[in-house]
Amino acid sequence: MANTIVLKGDPVYKEAVANGAITPGHLLQFNSNDKIEVHGTAKGNAQPMFAIEESIVGDDIDDAYAADDTVLYVVARPGDEINALLKNGENVAKGDFLESAGDGTLQKHTAIAADEGGSATYTIYTRGIVAMAMEDLNNTTGSAARIRVEAM
């Protein structure tokens, strides 16, 4: 895999102040203090915003940002290919849809089953799927693993 986060396409490049530690490839969100942080709602709505490496100062995809650092990130457009992070324990095939795992990594999308006739209530997220796997990956590494994805 390449030593860069943006693999193909023309995403929008931006920057923001970090709320905490962020690794290039993490899925991101803004918090109430207008700082950027790892996306924290598993299966939740998400914009395809991914932290990228700060190559201008010689950092690569393994060099994390710390709290209060200026984070470089992209808002990926449909079709852009990103070197994202897949959650430990996930097994995905090329073409699987991916969603937030709630810790900045991605996981295989699974639909929430409706409670037929029951009393359970569910929050329906309309922007839960953020990407599609562009390769097979059985991640049993013990930590998040790099995966090539296509933004949705």
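Visitor: How many of the residues of β13 are buried?

Guide: Please note at the outset that this is a predicted model. A residue counts as buried when its relative accessible area is under 20%. By that criterion strand β13 is mostly covered, and the number of its 7 residues that are buried is 5.

Visitor: A145 lies in strand β13. Is A145 buried or exposed?

Guide: The cut-off for a buried residue is under 20% relative accessible area. The value for A145 is 12%, so A145 counts as buried.

Visitor: Which residues is A145 in contact with, leaving aside its neighbours within four places in sequence?

Guide: A145 belongs to β13, and that strand is joined to β7 by 6 bridges, the two running antiparallel. With neighbours within four places in sequence left aside, the residues in contact with A145 are A84, L85, L86, L137 and N139.

Visitor: What is the relative accessibility of N83?

Guide: Strand β7 is mostly covered, with 6 of its 6 residues buried. Both of its faces are covered: I82, A84 and L86 are buried on one side, and E81, N83 and L85 on the other. N83 counts as buried because its relative accessibility is 0%.

Visitor: How far does the backbone oxygen of T4 lie from a polar atom of the side chain of N83?

Guide: The side chain of N83 belongs to a buried residue. A polar atom of that side chain and the backbone oxygen of T4 are separated by 3.1 Å.

Visitor: In β7, which residue is the bridge partner of V6?

Guide: Strand β1, residues 6-8, pairs with β7 in the antiparallel sense over 2 bridges. For V6, the partner in β7 is I82.

Visitor: In β13, which residue is the bridge partner of A133?

Guide: Strands β11 and β13 run antiparallel and are joined by 3 bridges. The partner of A133 in β13 is V149.

Visitor: Which residues is F50 in contact with, leaving aside its neighbours within four places in sequence?

Guide: Leaving aside neighbours within four places in sequence, F50 has as its contacts G25, H26, L27, L28, Y73, V74, I82, A84 and L106.

Visitor: A search of the whole structure finds 1 aromatic pair. What is the arrangement of the rings of F30 and Y73?

Guide: A pair of aromatic rings is described by the distance of the centres and the angle of the planes. F30 lies in strand β3 and Y73 in strand β6, so the pair ties together parts that are 43 residues apart in sequence. F30 is partly exposed at 38% relative accessible area, whereas Y73 is buried at 4%. The ring centres are 6.2 Å apart and the planes stand at 80°, so the pair is edge-to-face.

Visitor: Which are the edge strands of the open sheet of 3 strands?

Guide: The strand order in this sheet is β2-β6-β5, with antiparallel pairing. The twist averages 35° from one strand to the next. An edge strand pairs on one side only, and the edge strands here are β2 (12-17) and β5 (49-51).

Visitor: Which residue of β6 does A16 stand opposite?

Guide: Strands β2 and β6 pair in the antiparallel sense over 6 bridges. Across from A16, the residue in β6 is V71.

Visitor: Is A21 buried or exposed?

Guide: A21 is found in the loop between β2 and β3, and it touches V38, Y65, A66 and A67, not counting residues up to four places away in sequence. The cut-off for an exposed residue is over 50% relative accessible area. The value for A21 is 62%, so A21 is exposed.

Key. Residues numbered from 1 in each chain as written. Predicted model: local features only at pLDDT ≥ 70, side-chain atom pairs only at ≥ 80, totals over all residues. Heavy atoms only, no water. Contact = heavy atoms within 4.5 Å. Buried < 20%, exposed > 50% of the residue type's maximum accessible area, 1.4 Å probe, protein only. Polar contact = N/O pair within 3.5 Å; in protein donor to acceptor, adjacent residues only side chain to side chain. Phe/Tyr/Trp six-rings, centres within 6.5 Å; stacked < 30°, edge-to-face > 60°. Helix = DSSP H or I, 4+ residues; strand = E, 2+ residues; numbered from the N terminus. Pairing = 2+ DSSP bridges. Axes fitted to C-alpha atoms, helices over the stretch in contact; angles between N-to-C directions.
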